Amino acid sequence: MTDATEGAHSRALGGRIYVGYCRVSTDRQGRSGLGLEAQRAAIEAFLKPGDRLIEPIFVEVESGRKTARPELQGALQRCRETGATLLVAKLDRLSRNVPFLRSLVDGDVDVAFADMPSLNGAIGRFMLTQMAAVAELEAGLISERTKAALAAAKARGVKLGGDRGYRPPCPPD
């Protein structure tokens with residue numbers, strides 16, 4: 001069966017078909033895999049009997065502030081091809097930018113969040129927008145705290161940036 005016919009078959013059995021998407025912000029988080037493992041577990045736990053997750057889950061190592069994300073575009077394309085719903089573990093893993101998030105949710109692909117399973121209708125869209133605004137606020141506060149901490153460290157004479165002598169155990173690929 002093709003992905004499209006499998007999707008129709010899964011829906012006929014009462015289940016839904018999903019394409020998973022996980023994102024971490026830094027290479028270090030990506031290499032550790034811990035954040036990704038938690039996101040994959042949340043996606044798997046969200047699925048109900050009869051639901052199907054198209055493999056592989058799309059994984060991206062990219063800042064949530066950036067809107068140009070090749071893996072997200074690939075996941076959305078797979079959803080369009082199969083009629084699947086994009087499934088993300090947590091709202092802030094998709095975006096902390098309200099306009100970008102709304103453009104995705106209002107787009108041609110259904111989006112579901114494992115941490116907010118019932119976002120239907122006008123109330124659901126309102127709640128999504130409010131949660132996205134909180135995530136956007138959180139991102140701004142994190143940025144402000146980081147800048148303030150770096151400025152304070154610099155004022156104390158701490159050298160910022162540059163080589164600290166760290167060498168990874170093996171060279172990057």
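Mentor: Among the contacts in the protein with a separation of 6 or more, 69% are between residues 24 or more positions apart; contact means heavy atoms within 4.5 Å. This is a predicted model, where local features need pLDDT of at least 70 and side-chain atom pairs count only at pLDDT 80 or more, while totals for chains, interfaces and linings use all residues. Residues are numbered from 1 along each chain as its sequence is written, and side-chain values use heavy atoms, with hydrogens and water left out.

Trainee: Thanks! How many helices and strands does the protein have?

Mentor: There are 7 helices and 4 strands. Both are DSSP runs numbered from the N terminus: helices are H or I with at least four residues, strands are E with at least two. Starting at the N terminus, the order is α-β-α-α-β-α-β-α-α-β-α.

Trainee: And what share of the residues is buried?

Mentor: Of the 173 residues in the protein, 35% are buried. Buried means under 20% relative accessible area, exposed over 50%, and partly exposed in between, using a 1.4 Å probe and protein chains only.

Trainee: Why is strand β1 largely enclosed?

Mentor: Because 8 of the 8 residues in β1 (residues 17-24) are buried, the rest of the structure largely encloses this strand. In a regular strand, side chains alternate between the two faces of the sheet. For β1, I17, V19, Y21 and R23 are buried on one side, and Y18, G20, C22 and V24 are buried on the other.

Trainee: Which strands does β1 pair with?

Mentor: One partner is β2 (residues 52-61), which runs parallel to β1 and is joined to it by 7 bridges. Here C22 sits opposite V59. β1 also pairs with β3 (residues 85-88), again in the parallel sense, over 4 bridges, and there Y21 has V88 as its bridge partner. For strands to count as paired, DSSP must find at least two bridges between them.

Trainee: Switching to Q39, is that residue buried or exposed?

Mentor: Q39 counts as buried because its relative accessibility is 6%. Q39 belongs to helix α3 (residues 34-46). Leaving out residues up to four places away in sequence, Q39 touches C22, R23, V24, A89 and R93.

Trainee: Nice. Where is V109?

Mentor: V109 is in the loop between α6 (98-105) and β4 (111-113). With a relative accessibility of 4%, V109 is therefore buried.

Trainee: What does V109 touch?

Mentor: Beyond residues up to four places away in sequence, V109 touches L76, C79, R80, A84, L86 and L104. V109 and G83 are 26 residues apart in sequence, with 8.0 Å between their C-alpha atoms.
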